[in-house]
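Subject: Structure handover

Hello,

The structure you asked for is below, and my notes on it follow. Please read them next to the coordinates.

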Amino acid sequence: MELADGRQLEADLVVGCDGRQSLLRREAGIQLQQRGQGLDLLWFELPGPLPADLDGGFSTHLSGDALGSSCIGARGELQLAWLLENGGLTPQRSLRAWGDAWAQLLPPPLASLVRERAGELQGPLRVSVQVGLAERWHQPGLLLLGDAAHPMSPVRAQGINMALRDSLVAASLLSRAEPKELDLAAAAVEQQRLPEIRRMQDLQSAEARQGHLVGHSALLRALLARGSALLGPVAQRVWQARQTPLREGLAGTLPAAELAPQRTNSISW
């Protein structure tokens with residue numbers, strides 16, 4: 001393996017974890033097959049510190065013709081995603097105007113916070129997200145993991161979870177393999193992980209289609225708003241039950257056995 005500065009590293013296996021635009025995947029000639037519906041988002045961040053009593057769970061917000069989501073990130077920042085029509089133009093607004101727009105969409109505590117600190121918003125950064133699956137995750141001397149192998153939708157923020165689960169399976173199988181068995185072990189990683197990834201991408205696509213339908217149908221939004229008092233509790237229970245795999249992953253897809261002691265295989269991550 002040759003680095004950008006010309007240095008060369010020798011390894012029995014290279015593990016590519018270099019994201020959805022994976023250079024290793026492209027250099028290996030591995031094609032990415034598109035799955036599901038893409039999303040065009042505007043991404044904002046409001047730096048911390050935030051009020052301690054702020055509800056930071058992932059939430060989806062709908063008001064008028066606007067649809068967005070919010071959550072508190074790992075660094076204590078408020079993350080905001082504004083859904084655009086696919087291929088639509090980016091609205092040209094000042095940060096103060098974006099603060100007012102978000103305040104119309106968010107629940108009162110968040111709305112007040114964003115309006116008051118609109119000048120501190122970072123963004124908007126336009127993000128076009130395509131969901132995909134590599135035609136294969138491995139070939140002699142190479143194994144792809146995470147978004148390099150299967151770019152995930154941002155729905156329910158499962159990209160990092162799936163990458164960590166990939167890594168757990170890879171660590172278990174690769175550490176048990178003799179050097180001459182690494183390519184077979186890499187194939188076993190893909191075989192074990194593929195069913196969950198396909199199922200999770202299907203679930204993400206179903207939710208994205210629902211969000212796209214609601215976000216771009218004024219009539220449906222009006223009906224939902226008028227019937228929210230009656231239908232809201234029932235819809236919430238059904239929705240939360242359907243969300244369990246998207247929040248927790250699929251049961252029974254990870255190895256139960258303890259990791260074996262690592263061999264001295266030369267593996268580059």
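Helices (H or I, at least four residues) and strands (E, at least two) are taken as DSSP runs and numbered from the N terminus. On that basis the chain has seven helices and 11 strands.

This is a predicted model, in which local features need pLDDT of at least 70 and side-chain atom pairs count only at pLDDT 80 or more, while totals for chains, interfaces and linings use all residues. Residues are numbered from 1 along each chain as its sequence is written, and side-chain values use heavy atoms, with hydrogens and water left out.

Overall figures

A residue is called buried under 20% relative accessible area, exposed over 50%, and partly exposed in between (1.4 Å probe, protein chains only). Of the 269 residues in the chain, 40% are buried. The chain exposes about 14800 Å², and carbon and sulfur atoms supply 55% of that area; accessible areas come from the Shrake-Rupley method with a 1.4 Å probe, and for residues only the protein chains shown count as cover. Contact means heavy atoms within 4.5 Å. Among contacts between residues at least 6 apart in sequence, 75% join residues at least 24 apart.

Helices α2 and α3

Helix α2 covers residues 95-105 and helix α3 covers residues 108-116; they pack at an angle of about 175 degrees with their axes 8 Å apart. Axes are lines fitted to C-alpha atoms, for helices over the stretch in contact, and angles run from 0 to 180 degrees between N-to-C directions. That angle makes α2 roughly antiparallel to α3, given that angles under 35 degrees count as roughly parallel, over 145 as roughly antiparallel, 65 to 115 as roughly perpendicular and the rest as oblique.

On the α2 side the contact involves Arg96, Gly99, Asp100, Trp102, Ala103 and Gln104, which meet Ala111, Val114, Arg115 and Glu116 in α3. These residues divide into four nonpolar, two polar and four charged. Here Ala, Val, Leu, Ile, Met, Phe, Trp, Tyr, Cys and Pro count as nonpolar, Asp, Glu, Lys and Arg as charged, and the others, Gly among them, as polar.

The buried residues in α2 are Trp98, Gly99, Ala101, Trp102, Ala103 and Leu105. Their cover includes β3 (39-46), β4, β5, β6 (78-84), α3 and β7 (122-129).

Aromatic pairs

Rings of Phe, Tyr and Trp (its six-membered ring) pair if their centres lie within 6.5 Å; planes under 30 degrees apart count as stacked, over 60 as edge-to-face and the rest as tilted. The whole structure has four aromatic pairs. One of them, Trp82 with Trp102, is edge-to-face, at 5.0 Å centre to centre and 85 degrees between the planes. Trp82 is in strand β6 and Trp102 in helix α2, so this pair ties together parts 20 residues apart in sequence. Both Trp82 and Trp102 are buried. Ring pairs link Phe44, Trp82, Trp98 and Trp102 into a cluster.

Loops and cis bonds

Asp65 sits in the loop between β4 (59-63) and β5 (66-72) and is exposed, at a relative accessible area of 65%. Ser153, in the loop between β10 (142-144) and α4 (159-175), counts as buried at 6% relative accessibility.

A cis peptide bond joins Gly48 and Pro49, with omega about 5 degrees; Pro49 is in the loop between β3 and β4. Another cis peptide bond joins Gly123 and Pro124, with omega about 5 degrees, and Pro124 is in strand β7.

Regards
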